[in-house]
Amino acid sequence: MNIGETQRTLSLKAERKPDYRFEYLYNLLYDLDWLRLAHDHVAQNAGSVTAGCDGIDMEIYDKNLEENLKELSEELKTQTFEPLPVRRVYIPKANGKVRPLGIPAIRDRMVQEAVRMILEPIYEADFSQYSFGFRPNRRTMDAIKCITWSTQEHKKYFWIIEGDISAYFDTINHKKLMKLLECRIVDRKLLSLIWKFLRSGVMERKLFKNTRLGTPQGGILSPLLANVYLAALDKYIRQWTALPTKEKTARRTKGKGNFVYLRYADDFVALSNGSKEEAEEMKQNLRQFLQEKLSLELSKEKTKITHLNDGFEFLGFKIHRSIGAKGMTTKVLIPQESVNKLMNKIKLATDRSQHQDSVNNKILALNRIINGWSAYYQYTSKASTIFNHVDQEVFWSMAHWLGRKYQITMPQVLKRFGSPRLGTKEHRLVRAYEKFPTRQYKIRFLKPNPYTTQEAVTREELPGDTFLERM
C-alpha cells in the first residue's frame, strides 16, 4: 500500500469537500503495511523503552514482530481488539506539583498511531491556521511569530486575553468529543475503537480506575483528539477574527476594536486593538461558550486581561512592548523564572551528592540540558547576553563539582580539564553563547497542509515530550 498517497487522497477530499463525512476507513487499520509504519513511528519514540501495564516494552514486542503484527491485524479485522488500561505515573514539575502521564501498552500505542495516521490528514484540512500545538510542521515559535506580527505598532493589538483552561486534558467530555468526530467520520467501527480507548481506564499502583472524562496525557492519539475538541472554539471565534478587511476598517472607524486569536494546545490568547472593555466582553463570550458547548472552565486566576506594555508570558516566553532602536516595538524575552529553573537543574546536577557520576556522563547530561534550553530560546531578544551569563554559571558549577570530586584546587581543575571549555578528550562542556547565536525567526507562521503539498510531514515537538514539559 502507498500510505503517503492514501493520506494525500484523504486530505485532498477533506479540503475539497468541507461537509464530507468519511466512511470505510477502518479497513486501513488492519493493513499490515499500515501497521508496520505505525510500529516504526512508535519504535522511534524514546518512550518505546517504557512498558505499559502489561510489562511489555518495544524490545520484547519486536522479538516476534511479524507474528505480533499479524495477530494484531487479525484482532482489528475481527473487531476483537480491546485496549488495556493506561499505566498512570506522575512526573514532578518545577513548581513542586506533579503532572499525570498515561503510558499505554505498546500494542495500544501502535493502534493509536495507526488511527492518528488516518485522522490527521483529514483534520489538517479542517484545523485553523492559528492553531499551532501538536500538529505537523508547527512549533511554538510559529505561535510567537504570529503574536509579534499582530502586535506591530500600526495594528495596535495591545490588549491581551490570556486564556487558561482548567485541567483541560482531564475534563474533555467523551460524548461531546464523539459528536464532534461524527461531523467528519461516520465509520462506526473506527468511532467504536476510539470510544474504547477513551473508556479503557487507568491503572495506578495496581488499582484500576474508570475514565469517564478526559484523554490521558501521554497517549499518541490524545493531542489530536484534544485539537479536534478545541477546534470548535477556533471556529466560534472566527465570527470576530475572520471579518473582511473592509468590515474591520469600518469597525475601527466607528471606534470599535478587532480581534486576533491563536491557540497552542489548551493555551490560547486573543488580542484586541479596541478598548479594555471590549476585551472583557470577549473574555466573557469565550468563557460562556466553553462552559455551555464544551463543558470546560476557564481558570479565574490565570485567565486575565493584560496590556502589552505590562507584558505577559506565553509558552514560556516573556512578550512585552517597549522602546527599541526605532521606537516602540514588541520584544520576546527569556523570563527570569526560566533562567532560574535552568540554574536549579544545573545545581542539582552538580550537587556534591552526584560525585559518583563519571565526568563524561556529567558533561553529556549538562550538555543535553543546555542544548534543549538554548535552542528553545535562541530566537529571543538579547539571547546571547543571557546565554553568556548562563555559560559562566554552568562553567563554575561544573568546575566546583570537579574540584570536590577529585579534592583538588580551582587552578588544578582548570589545568587538568581546560578553560574556558571544561572537558575530557571525549567530551567538552558546550557553550551556549557560541553554539546558539541570537537569531531572528523568519519562517512563515501560516503553513500549508503538509499532506497536500510537497512539504514533508515533520514534528518539531512530539506529543507528551515538549521542551516546556521536560523543564
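The legends below describe close-up views of a predicted model.

View 1. When residues up to four places away in sequence are not counted, Thr-303 touches Glu-162, Gly-163, Asp-164, Lys-283 and Leu-298.

**View 2. The salt bridge between Arg-135 and Glu-124.** The closest N and O atoms of Arg-135 and Glu-124 are 2.9 Å apart. Arg-135 belongs to the loop between helix 6 (106-124) and helix 7 (140-150), whereas Glu-124 belongs to helix 6, so the pair ties together parts that are 11 residues apart in sequence. Both Arg-135 and Glu-124 are buried.

**View 3. The salt bridge between Arg-263 and Asp-234.** In this pair the closest N and O atoms are 2.8 Å apart. Because Arg-263 lies in strand 6 (residues 259-264) and Asp-234 in helix 11 (residues 222-241), the pair ties together parts that are 29 residues apart in sequence. Arg-263 is buried, as is Asp-234.

**View 4. Further salt bridges, including the pair of Asp-108 and Arg-107.** The side chains of Asp-108 and Arg-107 meet at 3.6 Å, N to O, and both residues are buried. Asp-33, Arg-36 and Glu-66 are linked in a network of salt bridges. Across the whole structure, the search finds 20 salt bridges.

Notes: Residues numbered from 1 in each chain as written. Predicted model: local features only at pLDDT ≥ 70, side-chain atom pairs only at ≥ 80, totals over all residues. Heavy atoms only, no water. Contact = heavy atoms within 4.5 Å. Salt bridge = Lys/Arg side-chain N within 4 Å of Asp/Glu carboxyl O. Buried < 20%, exposed > 50% of the residue type's maximum accessible area, 1.4 Å probe, protein only. Helix = DSSP H or I, 4+ residues; strand = E, 2+ residues; numbered from the N terminus.
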